[in-house]
Amino acid sequence: MKTDIQRGLVLRNEKCHEHYTTEFLYNLYSSEGKGIFDCRINVLGHLQQGGAPTPFDRNYGTKLGVKAVLWMSEKLEEVYRKGRVFANSGDSACVIGLRKKVVAFSPVTELKKVTDFEHRLPQEQWWLNLRLMLKMLANYQISLTEYISGKMEHVTRRTLSIEKGF
C-alpha cells in the first residue's frame, strides 16, 4: 500500500469460514493499516435489500406507482358489472417491473412458475449463459468451440426508440 497502489479490494463469501467473518477482517486490516490505509465494509447483499433511496429511486417509484394506479383503474372498469367486481382471471393480480427495458405487468400466476422461492431468485437467469464468454474475455484458456451461445439479440437503430424506453 506504500507503493503506487491506490486501493484494494477483499471479496469473501459469508460462509467461507466461521471465524474469519467480515467484521474480523475489517478489524484486522484497520488495526494493521496503522494510518497507511483505511478500511470500510460494504456487504453487497445487504445493499441490494434496501437502504436510503436516491432521487432516482424516488422518481422511478413515483412513475411505477402512477402506472400501477392507472392499470388498476383500467382493470376495475373491465371487470365491474352490475355493481360488483369480478376479478377472477389470472391477470387480476400482477407485479409491475422491467422486462427487457420496458415496464410490464407480470401476472403472479406466471411468476410463480419461474421463481425459486427458497433462494428468492428466478429459476433461470439470463446472464448465466455469458459466463464462458466472460472467462474468454478474462484470458482463461477456453476455446470458441466450447462456448455455446444462447439466443442473440442484436441492437439496431430501429429497436432504439423513445416509445420502447430507449
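This is a predicted model: local features need pLDDT of at least 70, side-chain atom pairs count only at pLDDT 80 or more; totals for chains, interfaces and linings use all residues.
Helices here are DSSP runs of H or I at least four residues long, numbered from the N terminus. Lys75 and Glu78 both sit in helix H3, three residues apart, or about one turn of the helix. The two form a salt bridge, and their closest N and O atoms are 3.6 Å apart. Side chains of opposite charge can pair when their charged atoms come close.

Asp91 itself, at 32% relative accessibility, counts as partly exposed. Put together, Lys75, Glu78 and Asp91 are linked in a network of salt bridges. The total count of salt bridges comes to two.

Helix H3 deserves a look of its own. This helix runs over residues 55–79, which gives it 25 residues, and it reaches 36 Å from its first C-alpha to its last. That span is close to the 36 Å expected at 1.5 Å a residue. Buried residues in H3 are Leu64, Trp71, Lys75 and Val79. What covers them includes strand S1 (80–81), strand S2 (84–85), S3 and strand S4 (102–107).

Zooming out, the protein chain has five helices and six strands. Read along the sequence, these elements follow the pattern α-α-α-β-β-β-β-α-β-β-α. Buried residues make up 6% of the 166 residues in the chain. The accessible surface comes to about 15600 Å², and 57% of this belongs to carbon and sulfur atoms. As for contacts between residues at least 6 apart in sequence, 23% join residues at least 24 apart.

Ile96 has its place in strand S3 (residues 94–99) and is partly exposed, with a relative accessible area of 25%. Leaving aside residues up to four places away in sequence, Ile96 touches Leu64, Lys67, Ala68, Val103, Ala104 and Phe105. One of these, Leu64, is among the buried residues of H3. Ile96 and Pro107 are eleven residues apart in sequence, and their C-alpha atoms are 8.9 Å apart in space. Over in strand S4 is Ser106, which counts as buried at 11% relative accessibility. With residues up to four places away again left out, Ser106 touches Ala93, Cys94, Val95, Arg99 and Leu111.

Cys94, one of those contacts of Ser106, is partly exposed, with a relative accessible area of 22%. Cys16 also counts as partly exposed, at 45% relative accessibility. A search of the whole structure turns up zero disulfides.

Most residues other than glycine have a negative phi. Lys100, though not a glycine, has a positive phi of about 55°. This residue lies in the loop between S3 and S4 and counts as exposed at 61% relative accessibility. Arg120 likewise has a positive phi, near 55°, in a residue other than glycine. Its place is in the loop between strand S5 (115–116) and strand S6 (121–122), and Arg120 is exposed, with a relative accessible area of 64%.

Finally, the surface carries a nonpolar patch made up of Tyr20, Phe24 and Leu28, with about 270 Å² of accessible area together. Leu28 counts as partly exposed because its relative accessibility is 36%, which falls between the 20% and 50% cut-offs.

Conventions. Residues are numbered from 1 along each chain as its sequence is written. Side-chain values use heavy atoms; hydrogens and water are left out. Patches are made of residues with over 30% relative accessible area and no salt bridge: like charges are joined within 9 Å, nonpolar side chains (Val, Leu, Ile, Met, Phe, Trp, Tyr) within 5 Å. Accessible areas come from the Shrake-Rupley method with a 1.4 Å probe; for residues, only the protein chains shown count as cover. A salt bridge is a side-chain nitrogen of Lys or Arg within 4 Å of a carboxyl oxygen of Asp or Glu. Buried means under 20% relative accessible area, exposed over 50%, partly exposed in between (1.4 Å probe, protein chains only). Helices (H or I, at least four residues) and strands (E, at least two) are DSSP runs, numbered from the N terminus. Contact means heavy atoms within 4.5 Å. The expected span of a helix is 1.5 Å times one less than its number of residues. A disulfide is a pair of cysteine sulfur atoms within 2.5 Å.
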